[in-house]
Structure formats: structure tokens, C-alpha cells
Amino acid sequence: MSFQRMDADTAETLAGVVRLLRRAAELVWAAADSEGAGSFRQVLALGIDLVADEARNVLPDAIAVQGPVPVGDQPAGLLRSAEQLLRRIDTPAAGAAVYGLRARVAGLVWEANTGVD
């Protein structure tokens, strides 16, 4: 589902979003693991993982997402940062895919703020 053409700034921004989402998921999974089976955080962690994979799939395959690990230990803050980065993408080619990602990340921010964190 990767875009065929994507400028370098958009690609790097999306790679940063992937890193933020993966770090947030890592933190939520750690909290869920410490709480044990049946933790309500498992659903949030799974949702973050799915959106991170979706964001990765928007990137061209040649773009690496490895980079510095985002700083922070608050999943909601990392999710907000990812949402803000997605709002900066104003590329016509990104269109529906980025719009959908923004909506899903906004939902995760809401869930992290109201139900988990």
C-alpha cells in the first residue's frame, strides 16, 4: 500500500510517526505485562501496534524507519506527538492514507487519556 512517490520530508515524518507509535506500544505492553492476563491495556497496546504497522505500510518499502528511539515514558504523550506530526503532512499524494492514520491516532490518544493512562 506504499505510495509510489513521496518526498523526503513526508517520508521522514512518517518514519518518525512509526517510531513514536512503536515506543508507545512498547510502554503499554510493558504495563499490561506487569498487570497480568486480562489487563485492559492489552487492547490499547494492540491498537497502537496495528496503527504503527499501518503507518509503516504507507511508507515506500525503501524507506527505513530505524532511527533514534523517541524520548518519553508516557504513552499518551508519544501518541500526541505522533498525531501532531501527522497533522504537519500536507502532501496531496498522502491524502486518504494519512487522513485515516490521523483519525486512528486521535482515537488512540483519546483512549490513552481516558481509559489507560
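Me: What is a nonpolar core, and how many residues has the largest one here?
Reply: A nonpolar core is a set of buried Ala, Val, Leu, Ile, Met, Phe, Trp, Tyr and Cys residues joined through side-chain atoms within 4.5 Å. This is a predicted model. Its largest nonpolar core has 34 residues. Leu14, Leu21, Ile48, Leu59, Leu79 and Leu86 have the most contacts inside that core.

Me: Which helices supply at least two residues of this core?
Reply: H1, H2, H3 and helix H4 (95–116) each do. H1 gives the largest share, 11 residues.

Me: What does leucine 79 touch, leaving out residues up to four places away in sequence?
Reply: Leucine 79 touches Leu21, Ala24, Ile48, Val105, Leu108, Val109 and Ala112.

Me: Now H1. How far apart are its end C-alpha atoms, and what should its 28 residues span?
Reply: Count 1.5 Å a residue, for one less than the number of residues. The 28 residues of H1 should therefore span 40 Å. The end C-alpha atoms are 41 Å apart, which agrees.

Me: What comes just after H1?
Reply: Glycine 36, with a positive phi of about 90°.

Me: Arginine 23 is in H1. Is arginine 23 buried or exposed?
Reply: Use the cut-off: buried means under 20% relative accessible area. Arginine 23 has 18% relative accessibility, so it counts as buried.

Me: Which residues does arginine 23 contact, beyond its neighbours within four places in sequence?
Reply: Val69, Pro70, Gly72 and Leu78.

Me: Take proline 70 from that list. Where is proline 70 placed?
Reply: Proline 70 is in the loop between helix H2 (41–58) and helix H3 (75–88). Its relative accessible area is 17%, so proline 70 is buried.

Me: What does proline 70 touch, again not counting residues up to four places away in sequence?
Reply: Arg19, Leu20, Arg23 and Leu78.

Me: Where is aspartate 61, and is it buried or exposed?
Reply: Aspartate 61 is in the loop between H2 and H3. Exposed means over 50%. At 69% relative accessibility, aspartate 61 counts as exposed.

Me: How many residues separate aspartate 61 and glutamate 26 in sequence, and what is their C-alpha distance?
Reply: They are 35 residues apart in sequence and 23 Å apart in space, C-alpha to C-alpha.

Terms used:
Residues are numbered from 1 along each chain as its sequence is written. This is a predicted model: local features need pLDDT of at least 70, side-chain atom pairs count only at pLDDT 80 or more; totals for chains, interfaces and linings use all residues. Side-chain values use heavy atoms; hydrogens and water are left out. Helices (H or I, at least four residues) and strands (E, at least two) are DSSP runs, numbered from the N terminus. Buried means under 20% relative accessible area, exposed over 50%, partly exposed in between (1.4 Å probe, protein chains only). Contact means heavy atoms within 4.5 Å.
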